[in-house]
Amino acid sequence: MDNSAFEMQEDSAQNASSMGKMNTTYRMEKKRQWSLMRIFLVCLLACTVTTAVGVLILSLLYLQNSQPHSQVHLELQAGPLQTTVPLVQKAVDPKFQFLNHLPKSKVFEFPGGAIQWARYRNDVKEYLSVEEEAFGSSLNSQRSQMTLGTLRIKSNGLRAPHWHFNANEHGYLVQGTAWIGVVANGGEVTTYNVTAGQVIFFPKNTLHWIKNVGNEDCFFLLFFSTHDELQTLDVDDVFFSVPEDIASRSLKPEGGINFIRTFQKQQEDQGVNLPPNLAELVINPSYVQSPDSLVWRYFYDLKGSKEYQFPGGVIQLAQYWKNASELSNLEKIFSEFLNQHQNALTLSTLRIYNNGLRQPHFHFNANEMGYVISGCAKVGIINTQGAMEFNVYVGDVVFFPVGTQHYIRSACDEDFLFLLAFSTGDQLQTLDMDDYLQATADHILAQLFFKKQSEFKKIPKFKEDQAINLP
């Protein structure tokens, strides 16, 4: 007998089971769709973040490269971003290409004296100011073959025996009395005395010393024929650098190497030397004067040489002369010896009377460097960049590059005294303003200056040279 109730219940169970399966499948399908959606959203978010970071990095790099150096910029570093403010270099007056206030420079102190420099330095940190750096850089960039130093030696002090690798040395004694020694090739020794106003000359790689034999300080102006940093070796530094056994075998002293070991290197630089117990060390000094035939190779009596007189001042020269007819026999020795050495210098004193003018001029074959010994003046410079004027006082150093027109007008009641060095061992070649205008055809000047030709007859020709003139 059929049980219809049982069949109905079975159908209901089967229907319920089918519905459950359908619901489970639906939920699983919906869950799978939501998982895919979450993966898509995560990927979209990751792409967005990556793009934003990339844009930020590119923006920062752009800002860093495009901003002017005088503004603040950002630097990307490991760690937090930091703000860096670059140094803004101080503007330098163009006159300091030609002017050095030497008294303001560093003083190198030694037991027996002091040295100051107007020169180029490889390490810019060694300059005390941007003005000093501008002057040193100008000397080097113009290939000036010029370096200047002042040397002050106390009474009984000694500029230690030394030599220079890369320069001839020319000196002028402003004050004091000194005894000079020079050791040339083969050990030939020349010694001589110098007094104020005289010139000394030491060829490159020639050993020499300077001893103050007076009661007052010696004050030298020293010019070196290099625009690079001066390279010097002192004898004591060399001695203590040589191994003891090598020194002993070379010198063969009594006691051998034990004698060599008795020498003690001083802690303080002995470049300019003055031992406190000098009286115990030196009992009987002798200051021998060598024959004039040797001395005048390294010496010139500038103060006693010919004076070239002008209405407004005087010039004296220690130089090579092609025509030596007006030189004494001793002066000829100096002139010829000077010319034998490459890159030798010419020295000169220029004295300008009160209100006198060394008229505008230039030099064909030499740079010029000068040191103010006394007085004051106004200096003018004219070159391709324009014209400038500035005042100079005692101790100032001035540089005039070759071909640069310049003039000097005395501005004090006392005479203006200038020591000059020129970067030539040949005879100096100079052209003054009045000479080149007088030598130019008047019709050329008329065309150039838009003036009638007859107007140039108003410029007089003087019998006396007006290189240094008065109003």
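Student: Into how many nonpolar, polar and charged residues does the lining of the largest pocket divide?
Tutor: This is a predicted model, where local features need pLDDT of at least 70 and side-chain atom pairs pLDDT 80 or more, while totals for chains, interfaces and linings use all residues. Residues are numbered from 1 along each chain as its sequence is written, and side-chain values use heavy atoms, without hydrogens or water. A pocket is an open set of points on a 1 Å grid over the protein atoms alone where a 1.4 Å probe fits, with protein on both sides within 12 Å along at least five of seven lines; lining residues have an atom within 4 Å of a point. The lining here divides into 12 nonpolar, six polar and five charged residues.

Student: Which residues of the second largest pocket are closest to its centre?
Tutor: That pocket holds about 510 Å³ of space. Its lining has 24 residues, and the closest to the centre are F310, I315, L317, R358 and T430.

Student: At what distance from the ring centre of W117 does R119 lie?
Tutor: A charge sits over a ring if NZ of Lys or CZ of Arg is within 6 Å of the ring centre and within 35 degrees of the ring normal. For comparison, the charged end of R297 sits over the ring of F337, 5.6 Å from its centre. R119 lies over the face of W117, and its distance from the ring centre is 4.5 Å.

How values were computed
Ala, Val, Leu, Ile, Met, Phe, Trp, Tyr, Cys and Pro count as nonpolar, Asp, Glu, Lys and Arg as charged, and the others, Gly among them, as polar. Grid points are joined across faces, edges and corners, and a volume is the space filled by probe spheres set on the points.
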